[in-house]
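Let's take a friendly walk through a protein model, one region at a time. Have the structure open beside you as you read.

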Number of protein chains: 2
Amino acid sequence: MSTKEFQKPPAPKAASDGSMIIPDAPPPPSPAEAESLDVWGFRDTRFEINEKDRAIIRGNRYEHSGKEMPRLLPWIRETLKIDLDSRDIFQPSYPTTIPEAFLSQGFMSAIREFLSPGQLESNGEVRMRHGHGHTQEEMYAIKYGQLGRIPDLVVYPENEEQVARLVEAAKKHDVSLIPYGGGTNVTDALRCHSHEKRMIASIDMTRMNRILWIDKKNQLACIQAGAVGRHIMSELRKYGVTMGHEPDSVEFSTLGGWIATNASGMKKNRYGNIEDIVLDVTVATAAGVLQRAGCSPRESIGLDLRRLMFGSEGTLGIVTSAVVKVFPLPEIQEYGSVLFPTFEDGFAFMYDLSREAVPPASVRLVDNLQFQFGLALKSASTGLGKVKSQLERLFVTKIKGFDPFKMVACTLVFEGSRQEVALQQSDLYRIAARHRGMKAGGENGRRGYQLTYSIAYIRDFLMNYYIIAESFETSVSWTDALRLCENVKHRLHLEYSRRNLPGKPFVTARVTQLYRTGVCIYFYFGFYFKGVANPQDVYLELENIARDEILNSGGSLSHHHGVGKLRRAFLPRILSPATLTLKRELKKSLDPSDVFGAGNQDLDIR
Amino acid sequence: MSTKEFQKPPAPKAASDGSMIIPDAPPPPSPAEAESLDVWGFRDTRFEINEKDRAIIRGNRYEHSGKEMPRLLPWIRETLKIDLDSRDIFQPSYPTTIPEAFLSQGFMSAIREFLSPGQLESNGEVRMRHGHGHTQEEMYAIKYGQLGRIPDLVVYPENEEQVARLVEAAKKHDVSLIPYGGGTNVTDALRCHSHEKRMIASIDMTRMNRILWIDKKNQLACIQAGAVGRHIMSELRKYGVTMGHEPDSVEFSTLGGWIATNASGMKKNRYGNIEDIVLDVTVATAAGVLQRAGCSPRESIGLDLRRLMFGSEGTLGIVTSAVVKVFPLPEIQEYGSVLFPTFEDGFAFMYDLSREAVPPASVRLVDNLQFQFGLALKSASTGLGKVKSQLERLFVTKIKGFDPFKMVACTLVFEGSRQEVALQQSDLYRIAARHRGMKAGGENGRRGYQLTYSIAYIRDFLMNYYIIAESFETSVSWTDALRLCENVKHRLHLEYSRRNLPGKPFVTARVTQLYRTGVCIYFYFGFYFKGVANPQDVYLELENIARDEILNSGGSLSHHHGVGKLRRAFLPRILSPATLTLKRELKKSLDPSDVFGAGNQDLDIR
């Protein structure tokens, strides 16, 4: 039987009834969107200690910006049992060392044939920025240590063809390519191998940032992989839709990065995780472009290479665009919060919620230490606000009898139609009451979610005061989750004190996602390192010990951060020998010359 | 950093509170469960024409069993415009030809070391049965034609280790293995290549049919891959849970087959499709056993080989067990149905339903011809039933003014809590009314679903009367779906009449699944072939033309039947050349000597 030849899917045309939309290219980034090279986030925002020895967030971007947090430093001193001196600054010497670039002349002349000079960047700090994500070791290294090998060149392709030609050129001239999105990775996935002898080119995808089309009738959109989360959200919103994917890094991370990392969004209960949202991907691989003639709601068409791209971490190719589901903007969005006397009560509530009701878009439960931390981040109330806040506290602790050193909070985001949200709320608060939960209002819930974005800046601030901290996560069944939290906290405290490290460590957990079959647990771990040699190595050792404890306790290697290089040593423990062998065979078959040489997941095949 | 070694997940122990259950092994199949070798289904059931020239379903297994269908034959004669003579039987000569078995002596002695004689079957009819599924060509071939190469041996492994050793032996002695579950495949995936020179062993998994454990607290179960759908349902039901996966073939198909085919269940709106339900798989591959130390609700652990098993169609390995989600049995189950004046009205209703409400577990919409077919399958009403049925018809056609040659029916299954179902019903009937839908009661809905099982027997019955028929499916966006249905019907009628084939063909469509982004369309196509040479080839040619039209109209190659060998010629049209290349490279890397030599999806690598 003869059949027709493969043809790329045709570009759709805008429909006059607005059902098919071809959005304009987004405007170039404004100066206000400039990002820091040496710390997390936008340049306009940073934590500082002001003249009154109070922590404050500079700038005016976030709800918490410009407000003093009078309780933060005292609380840190008290919790870590340290004498944090705000005049004693651990002065960063960013950028510590920027290696010379090694350029392959063959590759350079090949790519100059189809790229303009403005698409090639050789500046050292930009190159360095493209050689790391945001693990504590990486951030420590660029300021106090040595990052090692970094990309020799940063390339900004502007269309699919350029990406394909870049891959061709790299293959021909033996260059390693590492795709780069928002640079927010937290598993050393962007870090370059020190033993890499080839030229390394970082392929920065952020100029491929268009929403190519929005199909409102079928609730689909095709988006270029370099589009950044905040832009995707704001652009889609103009047309009344949302992709619904909001990881904590949504301000900076990209669609391609989400796919490569197998990301999870805060509102996954309503919209799904990235693998639920993405229907199709186009990928530039060493063998050519993975592409389909069309995409359908659901298919059974055999071995599906598209599925391999989720979690590929730059090792198989470069995602250039994806077809994603979009959803109408919710009729209403409401925040909520509930206080529980103990973490166990809150957890039991979440379990019942997962069984008996449709959970709201997002449900998160913090433990007592994190709850305290949230209070310590509050700005000073004045006047009536102060009275109200004091009265509230009195009611919770005195009347309800909640112990301030045991109580916890659950924050909620409801999205949907008025009717859906009303039903979710009534179900949820009924279940919460059964577990001694006390409604604590939308304002506290909103604050909790908004904090997600500004709190991300605190890590680099604290490092200036000899505090090193980071988060890590896992997923685990309902029945193992509480014991896992206890085990990890206990083990970290034990190992910390065994090493005679300063003061006490900060170890806290929250439940950030719920599934029918279990939860995602997110840990923060930090400590004061003044006088500690190589604190980043000490941190890493302890983090690995925590991971050991997580695996011992039935947790997974990762819920959504991924494996990268940070966690790859644990793979032989969770995957059978045949699985490891076949992963390497698969990598060899799809990329025999290791063009995509990031070497994540132990896929260094050269 | 050193880490621990991989260990198989430990076998769970039963918990005294009933939260962890280790079910007993299922009883051996009873004689009443005997299946036919030459036609679909259980031996106790078949369509026949009785002495009154009326069609009847023999046996008493199904709701429709034992009842005369007085309108069926007249309706077929009228619709196909043929003089079907019930005395003129196209006598099957099953089994037409059973080739001699070719046995590899090395393989035979190797496997006799760990298998008992009762695990090896060389009977010709059994071997032939394992060399096909249920496409029309296959069923025609075993009765009127020539199937060609069939397995030389059928092997019934009883545990994971035996499967692994079988794979080892096949690798060593150059034998091709084809995994076999329920034998219900409809894409020629089980059919053996005529050019296969090696011994072919069919690995019948149905003795690996245990539910290994049920974890009620985390709503999980671990089930061996050879467990048959009807047994999974009845066993799980004993413990108050369900997997919720009910493909049309659920009486016979197996868990392993569902994974290999990327199956879809009738109630996927509530429980998901197979890829949503299965959390983990254990697979015997040519490189060893793919397995993990545990499984978690959701993970980001890099390239995930588990995902490759969905749709692998026997080409990469043998799934031996899977961890699946289970759900509490629904508090209530209710059927429903709605009549619409036209297919377009019903379709518009489904679209709005997908947008505005939580759809019930199952929603199916048949076109007018299929609606008529449903009426023709009704048994004769008598007494009050007859009066009621006549009154109803009068009301629909006279009072409501529905045209009997345009009206269509939508059948519904609601499952969930009383409250959920009540909400779904009120939303649904409100939306239906907006599209001129008329509630037609639970009885008609129930009948529609029950028919799914008994109607499967009609194909082999009709073949005895020179009628060849089969189903095929696709998935397609909402906006392309109606036109696709029209195009396929029109094209088939046109090509049929161009070929001067007898009477008129039967072409009908139903919408069997809805997604936010589109639907699954299921076609039936049949015709009368008396006097037509090689009707199975004519059928195949027309089916391929229909597939061409489906692809032209924006449909997918398959929604849930898969690719197998039947549709593989279309792959180069829907996948880019690089995708095809990489699929073959991937197969070569995971199974270099083609132990899993079924050759589906054009993955014949020898």
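## A word to start with

A residue is called buried when its relative accessible area is under 20%. With that in hand, look at strand β18 of chain A, where 9 of the 9 residues are buried, so that the strand is mostly covered by this definition. Please keep in mind that this is a predicted model.

In a regular strand, side chains alternate between the two faces of the sheet. You can follow this in β18(A): A:V408, A:C410, A:L412, A:F414 and A:G416 point one way. A:A409, A:T411, A:V413 and A:E415 point the other way, and both groups are buried.

## The sheet around β18

Which order do the strands of this sheet follow? In chain A, 7 strands make an open sheet that runs β19-β16-β18-β17-β21-β22-β20, with antiparallel pairing. At its edges lie β19 (438-439) and β20 (467-477) of chain A, and each of these pairs on one side only. Strands of a sheet pair through backbone hydrogen bonds, which can link them in a parallel or an antiparallel way.

Now zoom in on the neighbours of β18(A). Its pairing with β16(A) is antiparallel and has 9 bridges; here A:L339 has A:A409 as its bridge partner, and A:Y335 has A:V413.

## Strand β16 in both chains

How many residues of β16(A) are buried? The count is 7 of 9, so β16(A) is largely enclosed by the rest of the structure.

Turn now to chain B. Strand β16 (residues 332-340) of chain B has 7 of its 9 residues buried and is mostly covered. It pairs with β18 (residues 408-416) of chain B in the antiparallel sense over 9 bridges, with B:V413 as the bridge partner of B:Y335. β16(B) is also antiparallel to β19 (residues 438-439) of chain B, with 2 bridges, and B:L339 stands opposite B:M438.

## Two buried residues

A:Y528 sits in strand β22 of chain A. Is A:Y528 buried or exposed? It counts as buried because its relative accessibility is 11%. Its contacts beyond four places in sequence include A:L80, A:I82, A:D83, A:Y465 and A:Y496. A:Y528 and A:I76 lie 452 residues apart in sequence, while their C-alpha atoms are 9.9 Å apart in space.

A:T320 belongs to strand β14 (residues 318-325) of chain A. This residue is buried, with a relative accessible area of 2%. Among the residues that A:T320 touches, leaving out those up to four places away in sequence, are A:E160, A:M205, A:Q224 and A:T282.

## Helices in contact

Helix α4 (residues 136-144) and helix α17 (residues 535-552) of chain A pack at an angle of about 175°, with axes 9 Å apart. That angle is why α4(A) is described as roughly antiparallel to α17(A). A:Q136, A:E137 and A:Y140 of α4(A) make the contact with A:P535, A:Q536, A:Y539 and A:L540 of α17(A). By class, this contact has 4 nonpolar, 2 polar and 1 charged residues.

Finally, find helix α19 (residues 577-590) of chain A, which has 14 residues. It reaches 20 Å from first C-alpha to last, close to the 20 Å expected. Its buried residues include A:A578, A:L582, A:L586 and A:L590. What covers the buried residues of α19(A)? The cover includes α18 (571-574) of chain A, along with β12 (278-285), β13 (288-290) and α19 (577-590) of chain B.

Technical notes
Residues are numbered from 1 along each chain as its sequence is written. Chains are lettered from A and ligands numbered from 1 in the order in which they are written. This is a predicted model: local features need pLDDT of at least 70, side-chain atom pairs count only at pLDDT 80 or more; totals for chains, interfaces and linings use all residues. Side-chain values use heavy atoms; hydrogens and water are left out. Helices (H or I, at least four residues) and strands (E, at least two) are DSSP runs, numbered from the N terminus. The expected span of a helix is 1.5 Å times one less than its number of residues. Buried means under 20% relative accessible area, exposed over 50%, partly exposed in between (1.4 Å probe, protein chains only). Contact means heavy atoms within 4.5 Å. Two strands pair if DSSP finds at least two bridges between them. Axes are lines fitted to C-alpha atoms, for helices over the stretch in contact, and angles run from 0 to 180 degrees between N-to-C directions. Angles under 35 degrees count as roughly parallel, over 145 as roughly antiparallel, 65 to 115 as roughly perpendicular and the rest as oblique. Ala, Val, Leu, Ile, Met, Phe, Trp, Tyr, Cys and Pro count as nonpolar, Asp, Glu, Lys and Arg as charged, and the others, Gly among them, as polar.
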